[in-house]
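Open the model in your viewer and start with a cartoon view.

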Amino acid sequence: MQVDYIIVGLGLAGLALAEGLKVNQKSFIVFEDCSQNSSLVAGGMYNPVVLKRFTPVWNAEEQLKVAIPFYQQIEKQFGQDYLVDLDIYRSFKSVEEQNNWYEASDRPFLNRYMTTPILPNQNKNVNAPFGFGKLTHTGRLKTKALITAYKAYLTSKGQLKNCKLYYDQINIKDNIEYHGISAKNIVFCEGFGLQQNPFFKYLPLREAKGELLTIHAPHLKIDFLLKSSVFIMPIGNDHYRVGATFNWKDKTNIPTIEARQELVEKLNKVIHCEYRIVDHVAGIRPTVIDRRPMVGKHPLYRGVYVLNGLGTRGVMIAPLMAQNLIDFIENKVPLSYELDIKRFEDKCFNQ
Ligand SMILES: Cc1cc2nc3c(=O)[nH]c(=O)nc-3n(C[C@H](O)[C@H](O)[C@H](O)COP(=O)(O)OP(=O)(O)OC[C@H]3O[C@@H](n4cnc5c(N)ncnc54)[C@H](O)[C@@H]3O)c2cc1C
């Protein structure tokens with residue numbers, strides 16, 4: 001079998017790349033072994049404002065310009081809704097934070113999202129004595145539904161192999177040869193799985209394990225994403241996702257009692273009504289020391305590329321990064337230094 005691309009991994013990065021290649025009429029085959037699940041468990045929130053400091057997220061405007069039409073185009077193809085508009089209510093801890101909000105909400109770009117005046121809390125089941133700042137034009141992507149549908153689509157086209165790609169069985173000659181497949185290029189989109197990859201294990205990927213609960217809280221009745229010490233995201237039928245934790249040491253996808261306790265303790269300080277925990281999931285966010293994605297070509301091997309480091313914001317970043325990588329490979333458009341893995345080239349030669 002002859003293809004233009006082998007894609008390794010079908011999380012948000014692999015999906016964005018596959019769809020981009022399809023639009024560019026390139027042939028490809030995807031390998032997916034379910035060893036990582038960051039994209040499947042993600043809250044799926046997209047929001048261009050850093051909620052701690054009230055500053056713009058890096059490159060947010062460019063990312064959203066590409067991401068929203070990208071997901072809408074897939075919605076149209078599949079006849080399903082994956083994007084959900086959802087305002088975010090940022091709960092304040094103090095009058096000082098309220099003042100910081102007012103100041104930031106006047107700034108260009110931020111003023112499109114951060115609204116005033118500050119809203120008082122009107123829900124007796126929520127603890128928010130200093131009220132909320134409301135963000136609009138934000139929302140969530142139903143990542144699990146999207147990826148599940150995309151897998152089914154690729155399967156129907158014979159473009160998905162549900163198995164691990166073994167690195168030591170790749171043969172790089174003029175083309176990339178793997179188990180009877182000959183490809184011009186191979187792109188690794190393995191999320192945290194990259195740490196096993198001998199081609200790219202020199203890249204400084206850091207694991208940031210995250211855990212989320214799903215609760216059933218019939219009396220809570222909020223129709224916005226509440227951001228306090230945890231986020232509480234309505235997902236329909238009185239169910240809410242509550243998250244997320246950060247753990248920089250644990251490299252497994254296994255939910256832990258400690259994270260559950262942490263989330264419950266924080267949640268109990270934010271809401272007063274009864275709830276029942278109905279699900280608990282964990283995944284590893286692929287983050288990078290300098291908080292920028294890692295995109296580009298291997299310094300030594302022709303046709304070997306990576307698309308990774310989407311960190312905590314895969315929903316917004318993935319479509320633009322995939323587009324940049326395709327432009328780089330197919331049209332020789334240089335990658336910006338901030339995201340190009342060239343910035344870590346010395347680590348490859350000094351390993
Ligand atoms: C708890 C939690 C909450 C989050 N919330 C949000 C949020 O609200 N908004 C947001 O934008 N982001 C969020 N994120 C971050 C987001 O999930 C990541 O940025 C994104 O999912 C990374 O996508 P990826 O495709 O790079 O990696 P992954 O989703 O990990 O995908 C990599 C894929 O490669 C496969 N793979 C790996 N190695 C191989 C191999 N050798 N052969 C075959 N297949 C392989 C894996 O099985 C996996 O499916 C959250 C993450 C977590 C854990």
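This is a predicted model. Select I6 and show its neighbours. Leaving aside residues up to four places away in sequence, I6 touches I29, F31, I176, Y178, I181, A183 and I186.

Now widen the selection to the core around it. I6 is among the residues with the most contacts inside the largest nonpolar core, together with I7, L17 and L307. That core has 100 residues. Next, pick residues 314–331. This is helix α7, which gives the most to the core, with 10 residues. As a rule, nonpolar side chains in soluble globular proteins tend to be buried together.

Move on to the sheet. Colour its 7 strands in the order β8-β7-β15-β16-β17-β14-β18. The sheet is open, and its pairing is mixed. Which strands sit at the edges? Select 132–135 for β8 and 276–288 for β18; each pairs on one side only. From one strand to the next, the twist averages 20°.

Zoom in on one pair. Strand β15 (residues 225–227) runs antiparallel to strand β16 (residues 231–236), with 2 bridges between them. Click K227 to find one of the contact points: its bridge partner in β16 is F231.

Finally, zoom out to the whole chain. It holds 8 helices and 20 strands. The C-alpha trace spans about 65 × 45 × 40 Å along its principal axes. Buried residues make up 43% of the chain. Of the contacts with a separation of 6 or more, 73% join residues 24 or more positions apart.

Note on methods
Residues are numbered from 1 along each chain as its sequence is written. This is a predicted model: local features need pLDDT of at least 70, side-chain atom pairs count only at pLDDT 80 or more; totals for chains, interfaces and linings use all residues. Helices (H or I, at least four residues) and strands (E, at least two) are DSSP runs, numbered from the N terminus. A residue is buried if 20 or more other C-beta atoms lie within 10 Å of its own, exposed if 12 or fewer, and partly exposed in between; C-beta atoms are placed from the backbone. Two residues are in contact if their C-beta atoms, placed from the backbone, lie within 7 Å. A nonpolar core is a set of buried Ala, Val, Leu, Ile, Met, Phe, Trp, Tyr and Cys residues joined through C-beta atoms within 7 Å. Two strands pair if DSSP finds at least two bridges between them. Axes are lines fitted to C-alpha atoms, for helices over the stretch in contact, and angles run from 0 to 180 degrees between N-to-C directions.
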